[in-house]
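Reader: I would like to go through this model feature by feature. Please give the general idea each time, then the case at hand.

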Amino acid sequence: MSFKVLVFPGFGFLFCLAMLAEWIDRRMIARFQGRVGPPVFQPLADFIKLLGKEDLLPTGVNEKLMAALPLISLAACLTAGMYIPVAGVSVNNFEGDLIVVLFLLSLPSLLYFLAGWSSIGIYSILGGNRALLQFFSYEVPFLLALSGPAILNSSWNITDIMVNQSTSIWAIFVLPVGFMLAFFGLIGKLKRDPLDIPKAQSEIVAGPLTEFSGRKLAIWHLANQIQTVVGIFLLVDTYFGGGVIESRLATFLLFSFLALLILVSLSVMSAMYARLRIDQLARLGWKRLIPLSLLQIAFIVWMGKGF
Amino acid sequence: MTSTLIQKVFRWARRKSLWVLHYNSGGCNGCDIEFLDLLTPRYDVERLGIRQESVPRHADILLCTGPVTRQSRDRVLQIFTQIPEPKWVVVVGSCGCSGGVFQGSDYVLGGVDQVIPVDLYIPGCPCRPEIIIEGLIKLLEKIE
């Protein structure tokens, strides 16, 4: 059990992948902008440096709450990682774990809002409010989009959804719109560039994380990176059938390729698009994406699958 | 033994990852534009691990340009105290080093070192980006 928690698929595995994913992401964005980009150890150096810095907090905040928030966020992301099959290998699974993973992945957004609200500062509070508004806009389409493959394969178990698709057809070929919605929701969840409204650097400096420094900031960053990895794996497992083929090696290669493809698409989106305004996002979310995701579920039901 | 190893790891990390907070304490904006050049494709300091941050609490280096005016004195002090230890101060431009052409003015206190301790002076009016990069690398060697 401790091996599962600490090494695979727990902390050690996800930590290494998070560092790697951050490097690939920063490097890709730099290449798209015509720059060279950081060396491969850069995320690790940033993390260790932040661990060694002084821990400052504004006067009047609840210090225990401020210390607990990043840790709970990290714990939620790591726990979600325990239920995600990696390259066809499923360590833990039970019926309904998709719901649990979706809940655990949405927890950091709420904690992000709480961090902004409890650190007394105008930028943090503004960022926290924006985080909550963004949460309502992307979370509903994301949930509905990920319930598409679940209904299609009549199971709420991620491993079952994955295995079922390897014998029938990948969900992305049946539900391309659903994948787009899930991808968009993932960008919003990770607060990446077109949807980095809660931490918009040129408007509200660093949003809810403005008052965090040192160790706490390092853990916030780590939690966000692990959320990136887990989110990408979740999309690969639900929409691409986890890349499962007969041979073990081929599965591993296909899974890595698909995960890398989604990561690079995230970088392309960050490099290509400017930030949306919060009202634009709310309008897009409630007027376009949610009706689309409802239509998608109606489409699955009409096809005679599920229920 | 272990403590020296940990110290070595932290020193390595500090040298490889510098987050810079840029503040104009009353200059003419010339040095600021030269500093922003560092982030462009031509110079790209991200390959050295240097990144611009917009919050004092996230930064390692306070990079000041321009002389300190009476108005900005308190702000420089406040920003300096908000940066968590270990921290360094870099001054870019002749005005920030000594007061430059504004020396003796009623509204200017002089160089940045009149208000906060400075680790590195980079003179020039304005400095070229190459000199700023070289100065920052000199600072990296100083870091313990």
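**Helix packing, chain folds and backbone details**

Author: The crossing of H4(A) and H5(A) is left-handed. The model is predicted, and every value below is computed from it.

Reader: At roughly what angle do the axes of helix H4 and helix H5 of chain A cross?

Author: The axes cross at roughly 165° and come within 8 Å. H4 covers residues 63–82 and H5 residues 97–118. An angle over 145 degrees counts as roughly antiparallel, so H4(A) is roughly antiparallel to H5(A).

Reader: Which residues make that contact?

Author: From H4(A) they are Leu65(A), Met66(A), Leu69(A), Ile72(A), Ser73(A), Ala76(A), Cys77(A), Thr79(A) and Ala80(A). H5(A) contributes Val101(A), Leu104(A), Leu105(A), Leu107(A), Pro108(A), Leu111(A), Leu114(A), Ala115(A) and Ser118(A). By class, the contact of H4(A) with H5(A) holds 15 nonpolar residues, three polar and no charged.

Reader: Where is Gly96(A) found?

Author: Gly96(A) sits in the loop between H4 and H5 of chain A. Leaving aside neighbours within four places in sequence, Gly96(A) is in contact with Trp156(A) and Asn157(A). The C-alpha atoms of Gly96(A) and Ile158(A) are separated by 8.1 Å, and these two residues are 62 apart along the chain.

Reader: How many C-beta neighbours does Gly96(A) have inside 10 Å, and how does the residue count?

Author: Burial is read from a neighbour count: 20 or more means buried, 12 or fewer exposed, and anything in between partly exposed. Gly96(A) has 13 such neighbours inside 10 Å and therefore counts as partly exposed.

Reader: Which residues of H9(A) and H13(A) make the contact?

Author: Val177(A), Gly178(A), Leu181(A) and Phe184(A) belong to H9(A), while Leu289(A), Leu292(A), Ser293(A) and Gln296(A) belong to H13(A). Five residues in the contact of H9(A) with H13(A) are nonpolar, three are polar and none is charged.

Reader: Moving on to the two chains, how many residues does the contact take from chain B and from chain A?

Author: The contact takes 17 residues from chain B and 28 residues from chain A. On the side of chain B that touches chain A, six residues are nonpolar, four polar and seven charged.

Reader: How many helices and strands are there in chain B?

Author: Chain B has five helices and seven strands. Read from the N terminus, the order of elements is α-β-α-β-β-β-α-β-α-β-β-α. The radius of gyration of chain B is 15 Å, close to the 15 Å given by the globule rule for 144 residues, so chain B is as compact as a globular protein of that length.

Reader: What does the C-alpha trace of chain B span along its principal axes?

Author: It spans about 55 × 35 × 25 Å. Of the 144 residues of chain B, 42% count as buried. Among contacts in chain B between residues at least 6 apart in sequence, 80% join residues at least 24 apart.

Reader: Next, the peptide bonds. Is the bond from Glu85(B) to Pro86(B) cis or trans?

Author: The bond from Glu85(B) to Pro86(B) is cis, with omega near -10°. Pro86(B) lies in the loop between helix H3 (73–82) and strand E5 (88–92) of chain B. The bond from Cys125(B) to Pro126(B) is cis, with omega near -15°. Pro126(B) is in the loop between strand E7 (120–122) and helix H5 (129–142) of chain B.

Reader: Finally, the phi angles. Is phi of Val205(A) positive or negative?

Author: Phi of Val205(A) is near 35°, a positive value in a residue other than glycine. Val205(A) is in the loop between helix H10 (201–204) and helix H11 (214–239) of chain A. With 21 other C-beta atoms within 10 Å, Val205(A) is buried.

Reader: And where does Asn29(B) lie?

Author: Asn29(B) lies in the loop between strand E1 (18–24) and helix H2 (30–37) of chain B. Phi of Asn29(B) is near 85°, a positive value in a residue other than glycine. Asn29(B) has 11 C-beta neighbours inside 10 Å and so counts as exposed.

Note on methods. Residues numbered from 1 in each chain as written. Chains lettered and ligands numbered in written order. Predicted model: local features only at pLDDT ≥ 70, side-chain atom pairs only at ≥ 80, totals over all residues. Axes fitted to C-alpha atoms, helices over the stretch in contact; angles between N-to-C directions. Helix = DSSP H or I, 4+ residues; strand = E, 2+ residues; numbered from the N terminus. Parallel < 35°, antiparallel > 145°, perpendicular 65-115°, else oblique. Left-handed = near helix turned anticlockwise from the far one by under 90°. Contact = placed C-beta atoms within 7 Å. Nonpolar A, V, L, I, M, F, W, Y, C, P; charged D, E, K, R; others polar. Rg over C-alpha atoms; globule rule 2.2 N^0.38 Å.
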